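Morning, everyone. Please look at the screen while I take you through one model.

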Amino acid sequence: MLFDNFPDGQSILGGAPFNVAWNLQGFGMEPEFVSAIGDDDAGRRITERMQAWQMSTTGMQTNEHPTGEVQVQFQDGQPSYEIVPDRAFDFLKMPEFPVTSSGFALLYVGSLASRNAVSRDTIRQIIAESDLPRFVDINIRQPWFEKKWLHTLLHGAHWVKLSDEELSELTDTPCKTADEIRAGAQRLGVEYGGENFFVTCGSRGAYAITGGELIVADAPTPNPMRDTVGAGDAFAATTIYGLLSGWDLQRTIRTATRFASRVCGLTGATSDDATLYQSVNDGLAT
């Protein structure tokens, strides 16, 4: 949970798991987001935004560390991120409510918070105690990623989402063609875990790989195109929404690529425009 600071001076609320939770709330679901903020102005702004969006704050923690912050830069239209260390989300404690199927349908886990040993231990404990099907979102943001985390994150995971570049980096193989992506996903599953994979490929669309079957969805051209910040998170949120709504995988990833394209028309990853989310139920999937 953090603010993305853009070169033009704008600060947009973000962070991959938060973006996913925000989008799910926009779709009409009820996510319980577990993260931490500082006792500072940025933390208070986050709480106010969540309450205005009618998001639950039960899972939010406040600690002595400052609220998360990222400096976003662009080169040839592609964003890069300087993620400031030792922020509130790096020091997560266990939530005060049970992380089981008695209250929830799915456990979403982002990878960035594993960069700090405190949050990493908490994430490991949540995974160990939860009986929920797990959706793992891999976001490699160097220098804040280590392959050794994958055994905890992916072992027993039902769904894994990552980009083609991240898949290539984790498997040390090219992942450009459909056959390469299928092979890379299978190799990742054998080495670390994960049953079903969603691989995003930017303008080339996305793939779902399940049981050796490969499902493809194209990516429409964003109109307008502002930036790609949060596009992967939009894809992940729509995919989760589709899975929990009982959609087939073709409809799920086709809708996800289209919603991600819409988010590319925003500055930053989140919007409080309810009509953006209503479009998913009003025919974006067909």
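**Helix H8 and its surroundings**

At the start of H8, a side-chain oxygen of Asp248 comes to within 3.1 Å of the backbone nitrogen of Gln250. That is a polar contact: a pair of N or O atoms within 3.5 Å, where, within protein, one must be able to donate a hydrogen and the other to accept it, and residues adjacent in sequence count only if both atoms are side-chain atoms.

Some ground rules. This is a predicted model, so local features need pLDDT of at least 70, side-chain atom pairs count only at pLDDT 80 or more, and totals for chains, interfaces and linings use all residues. Residues are numbered from 1 along each chain as its sequence is written, and side-chain values use heavy atoms, with hydrogens and water left out.

Back to H8. Helices (H or I, at least four residues) and strands (E, at least two) are DSSP runs, numbered from the N terminus. H8 covers residues 249–263, which is 15 residues. From first C-alpha to last, H8 reaches 21 Å, close to the 21 Å expected at 1.5 Å a residue. The expected span is 1.5 Å times one less than the number of residues.

Is H8 mostly covered or mostly open? Mostly covered: 11 of its 15 residues are buried. Buried means under 20% relative accessible area, exposed over 50%, partly exposed in between (1.4 Å probe, protein chains only). Among the buried ones are Leu249, Ile253, Arg258 and Phe259.

**The cores**

Phe259 takes us inside. Phe259 is one of the residues with the most contacts in the largest nonpolar core, which has 46 residues. Met1, Phe18, Phe27, Phe135 and Phe198 are also on that list. A nonpolar core is a set of buried Ala, Val, Leu, Ile, Met, Phe, Trp, Tyr and Cys residues joined through side-chain atoms within 4.5 Å. H8 supplies at least two residues of this core, and so do helix H1 (16–26) and strand E11 (206–210), among others. Which helix gives the largest share? H7, with 8 residues. Apart from this core lies another, of 41 residues, including Trp149 and Ile209.

**Charged pairs**

Side chains of opposite charge can pair when their charged atoms come close. A salt bridge here is a side-chain nitrogen of Lys or Arg within 4 Å of a carboxyl oxygen of Asp or Glu. The count comes to 11.

H8 has a part in this too. Asp218 forms a salt bridge with Arg258, with the closest N and O atoms 3.0 Å apart. Asp218 sits in the loop between E12 and H7, and Arg258 in H8, so the pair ties together parts 40 residues apart in sequence. Asp218 is partly exposed at 46% relative accessibility. Arg258 is buried at 14%.

Next pair: Arg87 and Glu69, closest N and O atoms 3.5 Å apart. Arg87 is in the loop between E6 and E7, while Glu69 is in strand E5, 18 residues apart. Arg87 is buried at 14%, and Glu69 is partly exposed at 25%.

**The cysteines**

How many disulfides does the structure hold? It holds 0. The cut-off is a pair of cysteine sulfur atoms within 2.5 Å. Cys175 is buried at 4%, and Cys201 is buried at 5%.
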